[in-house]
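Dear colleague,

Please find the structure below, together with its sequence. My findings follow, and I would be grateful if you read them with the model open.

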Amino acid sequence: MKRFLDCFLLILLLMVSLPSGVPGADIPLDVRRQVLAAQQLMDEKLYDQALTALGENKSEQDHYLIDFTRGNIYLLSERPQQALLWLQQVVDKAPDYLPGWLNLAQTQYALELYVAAGTSFERAFTLSDPPRRSLRYNAALCFMQSGEWERAKHLLRQLVALDPQQVELPWRAALVQVYLNLDQPQQALSQLMILVQQTQGAEQRRWREVLVQQYLTLERYDDAISALNRYTEVDGLYPRWWTVLTYAYLERQQYRQALVSLKVVDYLRPLSEQEAQLLGDLHLQLGVPQQAERYYEQLLQQRPDDDSVLTRLAHACLSQHQPQQALQWARQGDNPKLRALRGQLLFRLGHFAEAYEVFSALAGEADSPGSQWLMAGYAAWNGELWSQARRALNHAVTYPAQKEQAQRLLTQLNERP
């Protein structure tokens, strides 16, 4: 935008040298002479001398062109604060003087007075004939920069409402940005679709990504999936499409399609740890535990102390009816969930004494250990460890949820000879 504003400045200085092209062609001769003398010095970058030619810092001629030229000198010599004072006087004296508003807008922008700059650009737009819509666009950009999103939206909506042949893509892009900042993704969709259609290459890919992201934000998963499938047909080597497609399918609980998409990602680039875990989970959920185990083992090499991976490995082995192998994985971790699984596997494999020890230890750590004590009681009962069974069941019977089962076992235990 800075470059764009610099172009305005150059144009305006030329306009000053052609007084017949500006309002008020009846410029006094002495004013014209002063301005032209100043301009000659400005051409040689003799800015302070140019100011002197205009009467130093006093307006000997109370004329807006004197003020305008002085403002331009300050602007060219990078003294925008002084330029602002003179250019403000220009538009106060000549409210319909377009170059005054343009240079004032640039000065305000340079001073980061974005709201004021936007207002000045919009005023310049209303004075331009024929309408210079780039000025309205500049005004919108200034409002965007100051966070005045609603004001920017108002201007940009007017711009994109023109004949489509006259609408420039940056206007639509800016309006999309405004909508997204206003958390109005639904309103952004129509502009995004046009941007996707009318751009090419990397820019088109970027707009496609934004469009799909808005579909997902709006939970329009079918639209997202439809768009992504179209994009994979023409841009199938871009991993991002397959990655997003995976998660879109997951949202629709279409796990088989999600698995296929994620496997394509695996072919196109190395998976992240999270993706590798997801790939294993999908295989396990879809009844392919051998593949799940393979991915979990790869993941375990990256996260050797991760109990969640060990738990997944144990479940993958159980799905393959390999409880002994599952127990080996369960023995390698130490979190409560994995130890509970270890206790269940020990019980299932008939290692009752060890199962009792595991459940008793878990009960000692739990806030509400009724189920752990009951399982410890069952393990001890099956291992014929009667004193341990009585101890565990006496604990379990104090918890409402386990009371009935524990009481029945205690009764049977007391009736033993």
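Is the crossing of α11 and α12 left-handed or right-handed? In this predicted model, the crossing of these two helices is left-handed.

Two packed helices are described by the angle between their axes and the distance between the axes. For helix α11 (residues 185-198) and helix α12 (residues 201-217), the axes cross at roughly 155° and come within 9 Å. Angles over 145 degrees count as roughly antiparallel, and α11 is therefore roughly antiparallel to α12. On the α11 side, the residues in contact are Pro-185, Leu-189, Leu-192, Met-193, Leu-195 and Val-196. Their partners in α12 include Trp-207, Val-210, Leu-211 and Tyr-215. By class, this contact of α11 with α12 has ten nonpolar, three polar and one charged residues.

A second pair of helices may be examined in the same way. Helix α8 (residues 133-145) packs with helix α9 (residues 149-160) at an angle of about 155°, and their axes are 8 Å apart. The angle makes α8 roughly antiparallel to α9. The crossing in which α8 passes α9 is left-handed. Among the residues of α8 that meet α9 are Arg-133, Arg-136, Tyr-137 and Phe-143; α9 contributes residues including Trp-149, Arg-151, Leu-155 and Leu-159. The contact of α8 with α9 has ten nonpolar, one polar and three charged residues.

Finally, the domain assignment of the protein gives domain 1 (185-266) and domain 2 (350-416). Taken over C-alpha atoms, the centres of domain 1 and domain 2 are separated by 54 Å.

With kind regards

Technical notes:
Residues are numbered from 1 along each chain as its sequence is written. This is a predicted model: local features need pLDDT of at least 70, side-chain atom pairs count only at pLDDT 80 or more; totals for chains, interfaces and linings use all residues. Side-chain values use heavy atoms; hydrogens and water are left out. Axes are lines fitted to C-alpha atoms, for helices over the stretch in contact, and angles run from 0 to 180 degrees between N-to-C directions. Helices (H or I, at least four residues) and strands (E, at least two) are DSSP runs, numbered from the N terminus. Angles under 35 degrees count as roughly parallel, over 145 as roughly antiparallel, 65 to 115 as roughly perpendicular and the rest as oblique. A crossing is left-handed if the near helix is turned anticlockwise from the far one by less than a right angle, and right-handed if clockwise. Contact means heavy atoms within 4.5 Å. Ala, Val, Leu, Ile, Met, Phe, Trp, Tyr, Cys and Pro count as nonpolar, Asp, Glu, Lys and Arg as charged, and the others, Gly among them, as polar. Domain bounds come from an automatic or database domain assignment.
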